[in-house]
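Trainee: I would like to learn how to read helix packing and aromatic pairs in a model. Please take me through them.

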Amino acid sequence: MTKFVENAFLSYGNLEAPVKVEVFLNLACPYCATFFEAADQSLAPYIENGQVQYVIKHYDKPREMLLYGTLVNLFFDYNDPQRIYEIMKELFENQSQWSESDSDSIKKMLTEQYGLKEEPNTIDLSLKITAEAIKRQVKMVPTVFINDKEFQYPVEIDAQQLKDEVEKALA
């Protein structure tokens, strides 16, 4: 029986996949940008062939350097996970250009460049993910779980190790 992933609001791949990769991340975190790119490249074939369910959990961790990531998250419409993924990819690629801006400039960018608006329902989703992060004792972002085995990126897992761990879980 496959494991049910809690708070899988941004889920990619087969829900019944034997390998569950969950990541707690924040758009303003430079390490998260690196992880996102590595996961995008490493996990794609496993997601496409139904072997991996990849779940992104934007953790609005109350830390000053992450506040603009939280602001961006509040503009995401979680009813369209594929669009959010594409926007996240672009925002991570351009992180240095917006993450040191000011909140008004970021809101303007989100509305004008991406056609987004503040999504009141996202607050409730954010609180659920925060509660899960506290329950699972997530202390930093990005924190990766592969079938519930925890890794700190980049200290305990890098792009190649991510792929290796997925292969191990599939074996």
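Predicted model: local features only at pLDDT ≥ 70, side-chain atom pairs only at ≥ 80, totals over all residues.

Mentor: Residues are numbered from 1 along each chain as its sequence is written, and side-chain values use heavy atoms, with hydrogens and water left out.

Trainee: At what angle do the axes of α1 and α3 cross?

Mentor: Axes are lines fitted to C-alpha atoms, for helices over the stretch in contact, with angles from 0 to 180 degrees between N-to-C directions. Helices are DSSP runs (H or I, at least four residues), numbered from the N terminus. Here α1 (residues 30–48) and α3 (residues 81–93) cross at roughly 125°, their axes coming within 9 Å. That makes α1 oblique to α3; angles under 35 degrees count as roughly parallel, over 145 as roughly antiparallel, 65 to 115 as roughly perpendicular and the rest as oblique.

Trainee: Which residues of α1 and α3 make the contact?

Mentor: Contact means heavy atoms within 4.5 Å. From α1 come Cys32, Ala33, Phe36 and Asp40, and from α3 Tyr85, Met88, Lys89 and Phe92. By class, the contact of α1 with α3 has six nonpolar, no polar and two charged residues. Ala, Val, Leu, Ile, Met, Phe, Trp, Tyr, Cys and Pro count as nonpolar, Asp, Glu, Lys and Arg as charged, and the others, Gly among them, as polar.

Trainee: At what angle do α1 and α7 cross, and which residues meet?

Mentor: The axes of α1 and α7 (residues 159–170) come within 9 Å and cross at roughly 35°. Residues of α1 including Phe35, Ala38 and Leu43 meet residues of α7, among them Leu162, Val166 and Leu170. By class, this contact of α1 with α7 has nine nonpolar, one polar and two charged residues.

Trainee: How many aromatic pairs does the structure hold?

Mentor: A pair of aromatic rings is described by the distance of the centres and the angle of the planes. Rings of Phe, Tyr and Trp (its six-membered ring) pair if their centres lie within 6.5 Å; planes under 30 degrees apart count as stacked, over 60 as edge-to-face and the rest as tilted. The structure holds eight aromatic pairs. The rings of Phe36 and Tyr85 have centres 4.9 Å apart and planes at 35°, so this pair is tilted. Phe36 in α1 and Tyr85 in α3 lie 49 residues apart, so the pair links distant parts of the chain.

Methods: Helix = DSSP H or I, 4+ residues; strand = E, 2+ residues; numbered from the N terminus.
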